[in-house]
Amino acid sequence: MTFDQVDSPVPLPTDRPARRGLLIVITGASGVGKGTLRERWLAGQNVFYSTSWTTRGARPGEQEGVDYVFVSPEVFAEKAQADGFLEHATFVGHHYGTPIEPIEAALARGQDVVLEIEVEGAMQVKARLGEEAILVFIMPPSLTELRRRLEGRATETPERIEKRLLRARDEIMHAHAFRYVVVNDDLSRAVEELLAVQRAERAAQLPPQAWSAEDHAAVAAAAQVRSDHLSPEQLARVVES
Ligand SMILES: Nc1nc2c(ncn2[C@@H]2O[C@H](COP(=O)(O)OP(=O)(O)O)[C@@H](O)[C@H]2O)c(=O)[nH]1
Ligand SMILES: Nc1ncnc2c1ncn2[C@@H]1O[C@H](COP(=O)(O)OP(=O)(O)O)[C@@H](O)[C@H]1O
């Protein structure tokens, strides 16, 4: 049997990325270690870290346009009214919001996106994007340890620390609304768990028969930090400790 010479197959569109990026939302009490974890977790990765807008003042060492875009309440309100945020919320007297355009552009080019936002904003993202939003709650080993970290970081007045600890107590009880819960006690282990969650969620975009051995290992490790592994009693123990 001879085969007619076929024209070269139609080239695949090269501008379409192989996959849509993951949208990973990291949430956790103020001072729990989100920033510290994120820096280690994303080191060396080409992940789009969303820079939020906020009306709070910059802390010493924070860079405009890197840590936050620092704006006035009026400018913030204009952006919100123009539906320019994927989500926005008020946290201890200041406004915080995630600009939507950079997120969509990064996802469309296949880049994973990480948001670091509080619980209300995470719930808005979940409501707006459904299962596409991968929500990860970072838990402190105890509120005592959380207080120690907040005091140790020395970025807040004692009054603001108390307000943030009160808010933390309430936020921790929402942990079951998240897909994953990572306890940030041992920093290296928590980073490994975040890497496993990211790899497992990327593997989930493919059929299991396409998974590598590392993918299978990541899926098994990520299953261990799913929020349905956490009992209400375990949550209460963190809040009361
Ligand atoms: N909803 C929402 N929360 C944000 C955003 N950016 C930061 N946050 C959260 O606002 C809270 C206060 O942030 P910040 O003032 O930097 O305090 P920190 O968490 O103690 O470093 C934290 O829980 C942040 O995760 C945002 O764009 N949207
Ligand atoms: N696993 C950990 N063990 C002990 N201290 C930690 C750990 N992770 C973070 N920290 C410390 O806790 C403080 C708050 O961390 P940070 O990343 O600023 O928290 P967040 O971004 O959640 O507000 C910092 O001083 C940081 O060095």
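Visitor: How do the residues lining the second largest pocket divide into nonpolar, polar and charged?
Guide: Keep in mind that this is a predicted model. The lining of that second largest pocket has nine nonpolar, three polar and three charged residues.

Visitor: OK, and what volume does the second largest pocket have?
Guide: About 230 Å³. It is lined by 15 residues, and Met139, Val181, Val183, Leu230 and Gln234 are the closest to its centre.

Visitor: Which elements give two or more residues to that lining?
Guide: You'll find β9 (180-183), α7 (187-203) and α9 (232-240) there. β9 has the largest share, with three residues.

Visitor: Let's switch to the largest pocket. What's its volume?
Guide: That one comes to about 910 Å³. Its lining counts 36 residues, and closest to the centre are Lys34, Arg59, Tyr68, Glu116 and Arg153.

Visitor: And how does the lining of the largest pocket look by class?
Guide: There are 15 charged residues, twelve polar and nine nonpolar.

Visitor: Which element gives the most to it?
Guide: α1 does, with five residues. The elements that each supply at least two are α1 (34-42), β5 (85-91), β6 (94-99), α5 (143-153) and α6 (158-172).

Visitor: Now ligand 2. Which residues come nearest to it?
Guide: Gly31, Lys34, Gly35, Thr36 and Arg153, out of 16 residues around the ligand. Lys34 and Arg153 also came up as being among the closest to the centre of the largest pocket.

Visitor: What does the side chain of Thr36 do with ligand 2?
Guide: An N or O atom of the Thr36 side chain sits 2.6 Å from an oxygen atom of the ligand. With Gly35, a polar backbone atom is 2.9 Å from a ligand oxygen.

Visitor: What about a nitrogen atom of ligand 2, which residue has a backbone atom by it?
Guide: Asp185, with a backbone N or O atom 3.0 Å from that nitrogen. As for cover, the protein buries 74% of the 560 Å² that ligand 2 exposes when taken alone.

Visitor: Last topic: which residues does the UniProt domain annotation cover?
Guide: Residues 21-199, which the unreviewed UniProt entry annotates as "domain: Guanylate kinase-like".

Visitor: How much of that span is helix and how much is strand?
Guide: Residues 21-199 are 43% helix and 23% strand, and the end C-alpha atoms of the span lie 12 Å apart.

Notes:
Residues numbered from 1 in each chain as written. Chains lettered and ligands numbered in written order. Predicted model: local features only at pLDDT ≥ 70, side-chain atom pairs only at ≥ 80, totals over all residues. Heavy atoms only, no water. 1 Å grid on protein atoms, 1.4 Å probe; cavity = no way out; pocket = protein on both sides within 12 Å on 5 of 7 lines; lining within 4 Å. Points joined across faces, edges and corners; volume = space filled by probe spheres on them. Helix = DSSP H or I, 4+ residues; strand = E, 2+ residues; numbered from the N terminus. Nonpolar A, V, L, I, M, F, W, Y, C, P; charged D, E, K, R; others polar. UniProt positions renumbered as here; feature names shortened; annotations may be inferred. Near = heavy atom within 4 Å. Polar contact = N/O pair within 3.5 Å; in protein donor to acceptor, adjacent residues only side chain to side chain. Areas by Shrake-Rupley, 256 points an atom, 1.4 Å probe, with all protein chains shown as cover.
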